Amino acid sequence: MGTSGKARTATALLLTGVCLAAGCSSGDGGDKDRAESSPARTTSAAPTGPPQRGERACAVKLPAGWRTALGDGEIDAAEDAREVLTAVGPGAAWAVVQSTEGGERTLQFVPADGERRDVAELDDPVEDQVDAADYDGRWLAYDLVQGRQAQSPWELRAWDAETGKSKVVARADRDGKGQAVPGPFVQPVVRSGRVFWAQGTGGGKSAVYAEDLGKGGERHTLYEGVADVPFAAGGLLVWPQAKGAGGTDVRLAAASLDSLKPAKLPAPIAKLRGVRLAASDGRTWAWIGGAQGTELRVWRPGWKSPATLVADAPEAVNGMDQVQVSGDLITWRSTEAAWTLDLRSRSYTRVTPRYGYAQARDDAIGVSYAEGEAKSAEATAVNSVVQAGELPPLPRCKN
């Protein structure tokens with residue numbers, strides 16, 4: 001999960017208020033712990049059936065069991081290193097971190113049951129950064145952004161775990177001033193030796209690509225037009241695309257990750273318009289909705305229609321972004337903290353004591369925040385990765 005907060009998406013999607021994936025909310029983060037506002041009374045009874053019309057999830061305090069699990073899952077770092085959690089793998093089997101130590105910044109692959117491996121050394125430890133990464137068991141793809149401006153140049157790279165070597169898959173197109181052509185964030189998806197991403201192509205347009213990472217890999221164009229960041233949803237690659245005058249008709253489209261052919265979405269998802277910050281694990285779908293982008297909406301098979309489960313809670317919904325899904329757990333970030341909604345209990349909780357990040361993916365939850373003054377030399381990073389299935393249901397709120 002990137003920490004830059006910049007927004008490179010300058011296509012018509014941005015004009016319509018759609019900014020998928022990370023980095024859409026800056027947030028001051030704050031430096032003091034904030035108490036949860038009016039947590040609800042809780043009970044052990046679990047909800048049954050789809051949510052009722054108008055039903056909302058309630059806020060609860062972070063349970064002791066979750067605190068313990070996150071503490072046990074903390075990633076050990078060198079004593080003098082400061083680390084940023086960039087990505088987590090299925091089942092908490094691996095993580096990708098950016099580690100800064102002795103004035104050098106290194107991208108590292110951290111397996112749960114093995115030694116760390118250096119992937120790349122960033123030339124400029126202050127300006128260079130990696131916003132996103134993905135790994136399929138051999139290939140680790142990541143975006144290397146060379147600067148912190150909206151149009152900073154970037155490269156999409158792929159590291160081969162078998163050889164330890166990296167290669168450049170794609171680079172930002174440049175305009176006449178040498179700046180990167182505006183476009184979506186480059187957040188790669190890697191599956192079975194193939195990497196997927198979107199990038200700006202000029203004139204307010206963008207394209208969704210797939211490229212085989214083996215020798216002589218072929219590049220495939222899945223879509224050209226106005227598109228934003230693609231994401232994996234089970235066996236599908238899904239992205240928002242805009243049609244119509246001014247690019248105001250924004251809807252989701254999909255292709256098979258295997259065949260690369262266009263694919264159908266579930267009817268309630270295909271009907272969505274103007275969707276923001278969508279995510280799915282192939283079964284559960286979550287996205288940001290509402291006129292102000294301050295509602296977390298969810299749908300899964302068996303529900304007649306999408307449900308707005310989190311709303312009217314400023315500390316949890318202001319500046320919502322980075323929505324992720326893993327089974328019954330949905331994570332997101334606000335300007336206050338990172339949060340997790342548990343569909344087993346239909347309650348949600350703050351998983352960082354202050355401004356931070358959370359990521360849900362394929363039975364894994366990653367949490368990252370700074371202890372102390374976030375930008376001071378004394379600040380320490382807390383990065384935890386746990387198996388989502390090991391977290392007990394959050395307490396259920398009483399009516």
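Arg-219 lies over the face of Tyr-209, 5.3 Å from the ring centre; a charge is taken to sit over a ring if NZ of Lys or CZ of Arg is within 6 Å of the ring centre and within 35 degrees of the ring normal. The model is predicted, so local features need pLDDT of at least 70 and side-chain atom pairs count only at pLDDT 80 or more, while totals for chains, interfaces and linings use all residues. Residues are numbered from 1 along each chain as its sequence is written, and side-chain values use heavy atoms, with hydrogens and water left out.

Across the whole structure, 11 aromatic pairs were found. Rings of Phe, Tyr and Trp (its six-membered ring) pair if their centres lie within 6.5 Å; planes under 30 degrees apart count as stacked, over 60 as edge-to-face and the rest as tilted. Phe-109 and Tyr-135 form a tilted pair, with 4.6 Å between centres and 50 degrees between planes. This pair links distant parts of the chain, 26 residues apart: Phe-109 belongs to strand β5 (residues 104-111) and Tyr-135 to strand β7 (residues 128-135). Strands (E, at least two residues) are DSSP runs, numbered from the N terminus. Phe-109 counts as buried because its relative accessibility is 7%, and Tyr-135 likewise at 11%, buried being under 20% relative accessible area (1.4 Å probe, protein chains only).

Trp-197 and Tyr-209 also form a tilted pair, at 5.4 Å centre to centre and 45 degrees between the planes. Because Trp-197 lies in strand β12 (residues 194-202) and Tyr-209 in strand β13 (residues 205-212), the pair ties together parts 12 residues apart in sequence. Both Trp-197 and Tyr-209 are buried.

Elsewhere, ring pairs link Trp-94, Phe-109, Tyr-135 and Trp-159 into a cluster.

Note on methods
Helix = DSSP H or I, 4+ residues; strand = E, 2+ residues; numbered from the N terminus. Buried < 20%, exposed > 50% of the residue type's maximum accessible area, 1.4 Å probe, protein only.
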